Amino acid sequence: MENELEKWIIEADIASMQQAMNTGRVTSEQLVHVYLTRIEKYDSILNTILEINPDAIDIAKALDEERKVKGSRGSLHGIPILLKDNIDTHDRMHTSAGSIALAESFAAADSFVADQLRAAGAVLLGKTNMTEWAGYMSGDIWAGYSSRGGLTLNPYGPGELFVGGSSSGSAAATAANLTAAAIGTETSGSIISPSSQNSLVGIKPTIGLVSRTGIIPLAHSQDTAGPMARTVSDAAILLGALTNMDERDVETLASKRRSFQDYTPFLDANYLQQARIGIPRFYYKQLDNARLEIVEAAIAVLKQKGTTIVDPVVLPCEQTPWDGNVMRFEFKKDLNDYLAQLSGSIPVHSLADVIAYNKAHADQALKYGQGTLIWSEETSGTLTEQAYLDSKKRDKEMSREQGIDHALEEHQLDALLFLGFEGGADLAARAGYPSITVPGGYAATGIIAPGGYTTKGPQGITFVGTAFSEPTLIKIAYGFEQATKHRIQPELAALSNRGKTK
């Protein structure tokens, strides 16, 4: 029976799992067992998961019993979901952002995201590996590497293909069918990048749509959690479970009457016939031929489906020399606030403590150095520097009024189209605007990228919109997905230990 379930679970979507549980074909406990079996079988190679929830099976059993007695809570009842390791859970799992300094840290309370998922009936299956401190450790750190968890590999080409960061483990685990879906977080590209590189659907929500309470921060102006899944429908289901106003995160008050608890009504493939999508050619200049062909093929599909394509679209901000001041200044303040409230048994309670701890444990902690941490520590931590205030104002103005909103309004567009995280992810992140990436194909060739990976492999087509335009983006992404069906599962049986030495 278990072998049959394992075959069935591969590429199964949440609706299919829910239907199977409702009809008694499977139980949540069986789903958890199957995923744990697959994790044991494949994750020694992929290295996606830091720890399994020791209570996952008991939680699944309780939810199965609840289904019998009270009925289902909804679409996520009994569904196993993985969480990125910077998302607090008040249970027997740690929350560390991949750092050995927080390897023994237990959160005092659930994050708002974890609380929402539990209320929806999801089984929190475990914590996924990630680029340490969401990639803000060092300019040299490899995507997917943490001192606590080592290096996560891309299941489509372990050790060869770029895994994307910083939600690397959430992406690779979901792509490899080690979970039904996962939650990632993004400051700039950290959901879109790994989703694109692992042939997934990833949604980076508008800032304020999903609460940031209880998430180890990088920069509050841009931080958000979001869903990572194998289909647009699964991502829409997961997004609906995450949204709600949280009085501890005032930014969520902006989502009042602009958010939904159910995004599945927007799974409308016919919307492409009335959609207007802009092509920002400036952001395609750095693409090699194989990836540019994927973009052109996506544009051709949209045209075939009746979409109005405006090509090219020029953004006034295209030549803007962006700086990293917002993240640099906010990281110290935000991380200090998070670390200050941790238990006294934890060895670090400030960024300065983290830097000192890493130095004292350099053999394990400083494989790639900590230059970015030191760079941030040089700031005051008060967010009063004029350089920070000027950059924050400029980022918003240029990415919004002189960027995304300018293009959308000038041409009456629904969205802009980018390849993966190339240009569009950073632009949307600075604006605080949503983006969604969908499998767009596979590049058979590529160029060598930093870290020794190549740019070949899975590629996502990313749609970017204005604030709280998630419903429209989901319509477009769903229509594109249904028209193309580009996602293919990775061939895990062929995996070897190559790349594990990196």
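A residue is called buried here when its relative accessible area is under 20%. Keep that cut-off in mind as we walk through this predicted model.

Let's start with helix H9, which covers residues 289-304. Its 16 residues reach 22 Å from the first C-alpha to the last, close to the 22 Å expected at 1.5 Å a residue. Within H9, the buried residues are Ala290, Arg291, Ile294, Val295, Ala298, Ile299, Val301 and Leu302. The spacing in that list is worth a look: an α-helix has 3.6 residues a turn, so residues three or four places apart point the same way. What lies over the buried residues of H9? The cover includes strands S9 (276-278), S10 (308-310), S11 (415-419), S12 (435-443) and S13 (457-464), together with helix H16 (470-484). After H9 comes Gly306, with a positive phi near 95°.

Now turn to a pair of helices, H3 (residues 28-46) and H4 (residues 56-70). They pack with their axes 7 Å apart, at an angle of about 155°. Angles over 145 degrees count as roughly antiparallel, so H3 runs roughly antiparallel to H4. On the H3 side, Ser28, Glu29, Val32, His33 and Leu36 take part, and they meet Ala56, Ile57, Ala60, Lys61 and Asp64 of H4. By type, the residues of this contact comprise 5 nonpolar, 2 polar and 3 charged.

Finally, a word on confidence. The chain averages a pLDDT of 96, and 98% of the residues score at least 70. Residues 496-502, however, have a pLDDT below 50. This stretch still has 17 contacts in the model beyond near neighbours in sequence. Where pLDDT is low, the predicted coordinates should not be read in detail.

Conventions
Residues numbered from 1 in each chain as written. Predicted model: local features only at pLDDT ≥ 70, side-chain atom pairs only at ≥ 80, totals over all residues. Heavy atoms only, no water. Axes fitted to C-alpha atoms, helices over the stretch in contact; angles between N-to-C directions. Helix = DSSP H or I, 4+ residues; strand = E, 2+ residues; numbered from the N terminus. Parallel < 35°, antiparallel > 145°, perpendicular 65-115°, else oblique. Contact = heavy atoms within 4.5 Å. Nonpolar A, V, L, I, M, F, W, Y, C, P; charged D, E, K, R; others polar. Expected span 1.5 Å × (residues − 1). Buried < 20%, exposed > 50% of the residue type's maximum accessible area, 1.4 Å probe, protein only. pLDDT = per-residue confidence, 0-100.
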